[in-house]
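Dear colleague,

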Amino acid sequence: MKFMDSEYESILEEFKTEFKKLKGLGFIDSKRFHDTGIGKTAEDLLGVIENNKTSADYKGLIELKSARELSEAMVTLFTKSPDPRGINNVIRKSFGYFDDEFKDMKILHTTFSADKFNTCKGKFGFLLEINDDNKKIIIKVKNLETDTLNNSVTAYYPFSKLKNIVEYKCKYIIFIVADHKKEDGKELFKFNKAVLLSGLTFNKFLDFIKQGIIKYDFRLGVYRTSKNPKQIGKTHDHGSGFRINKSNLDKVFTITEID
């Protein structure tokens, strides 16, 4: 979907009007428990329908990100499982570690980049490799005990899929910040600031990965709570994807504060 500059300006003005109303509500009960509550609360009040489409959240043009004030050091640009289908489960079983609570279940929480292998539990190292010839980002795994690459499992992202996401979900991002507190066991949010992040292109996205500024997370865990008791202790992919430290946002984006 292509947008003209005039359409973008109109949608941005609509957001500004809605966000002023949101700020005026004061502290609001979270619409969901745990980490995703802030995003769910903001989106519900702004009339955004939760989806996993490649189009952006707000009016198909602006992607919304939310964070608690003075917390959460990293911002998720987007989440998407690598190819081939089902490979995350293979990676979790092959290179994960046993959960402290559900001791028969393997999980994998680790952050890594393209500039060097990380260290996960002292056993495996992970690295992003940008293969320009094959137009893929490949996830490399090293056995740290033998210092050898593991070639039995291959996970990758085709450039074509990532380019579509970057161009449609990361062209314009509004980053919303809220104060938060807990009362009577519930979390409440007060939305107080929003900034517009713009200027990211796919070529810049690849460059920032090569520099180690844009990182990657595996967040392959288990359900610890759920409305469906049968899910508890089962595998839960929390959204593996590409992330950036808040302190590096100004390196990747042009930042404009929204009045």
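This is a predicted model: local features need pLDDT of at least 70, side-chain atom pairs count only at pLDDT 80 or more; totals for chains, interfaces and linings use all residues.

**Strands around β7**

Residues are numbered from 1 along each chain as its sequence is written, and side-chain values use heavy atoms, with hydrogens and water left out.

β7 and β9 run antiparallel and are joined by four bridges, and two strands are said to pair if DSSP finds at least two bridges between them. Strand β6 (residues 124–131) also runs antiparallel to β7, with eight bridges between the two, and here Ile 130 stands opposite Ile 137 of β7. These two strands make a hairpin with four residues between them, and Lys 135 in its turn has a positive phi of about 55°. With strand β8 (residues 148–149), β7 pairs in the antiparallel sense over two bridges, and Asn 143 has Thr 148 in β8 as its bridge partner. This second hairpin likewise has four residues between its strands, and Asp 147 takes a positive phi near 55°. Because six of the eight residues of β7 (residues 136–143) are buried, the strand is largely enclosed by the rest of the structure; buried means under 20% relative accessible area, exposed means over 50%, and partly exposed lies in between, with a 1.4 Å probe and protein chains only.

In helix α4 (residues 159–169), the buried residues include Phe 159, Leu 162, Ile 165, Val 166 and Lys 169. They cover an arc of only 135° around the axis, which puts them on the same side of α4; the arc is that of the directions from the helix axis to the C-beta atoms. An α-helix has 3.6 residues a turn, so residues three or four places apart point the same way.

In helix α5 (residues 202–210), Phe 202, Phe 205, Leu 206, Phe 208 and Ile 209 are buried. Seen down the axis, the buried residues of α5 fall within an arc of 165°, so they line one face of the helix. Just after α5, Gly 212 takes a positive phi of about 85°.

**Aromatic rings**

How many aromatic pairs does a search of the whole structure find? It finds 19, where rings of Phe, Tyr and Trp (its six-membered ring) pair if their centres lie within 6.5 Å, and planes under 30 degrees apart count as stacked, over 60 as edge-to-face and the rest as tilted. The rings of Tyr 157 and Tyr 216 have centres 5.9 Å apart and planes at 65°, so this pair is edge-to-face. Tyr 157 lies in strand β9 (residues 155–158) and Tyr 216 in strand β12 (residues 214–222), so the pair ties together parts that are 59 residues apart in sequence. Tyr 216 also forms an edge-to-face pair with Phe 242, at 5.2 Å centre to centre and with 75° between the planes. Phe 242 lies in strand β14 (residues 241–245), 26 residues from Tyr 216, and both of these residues are buried.

**Charged side chains**

The structure holds 15 salt bridges, a salt bridge being a side-chain nitrogen of Lys or Arg within 4 Å of a carboxyl oxygen of Asp or Glu. In one of them the side chains of Asp 99 and Arg 224 meet at 2.4 Å, N to O. Asp 99 lies in the loop between β4 (97–98) and β5 (106–112) and Arg 224 in the loop between β12 and β13 (235–237), so the pair ties together parts that are 125 residues apart in sequence. Asp 99 counts as buried, at 4% relative accessibility, whereas Arg 224, at 41%, counts as partly exposed.

Another salt bridge joins Lys 163 and Glu 167, whose closest N and O atoms are 2.6 Å apart. Being four residues apart in helix α4, these two are separated by about one helical turn.

With best wishes
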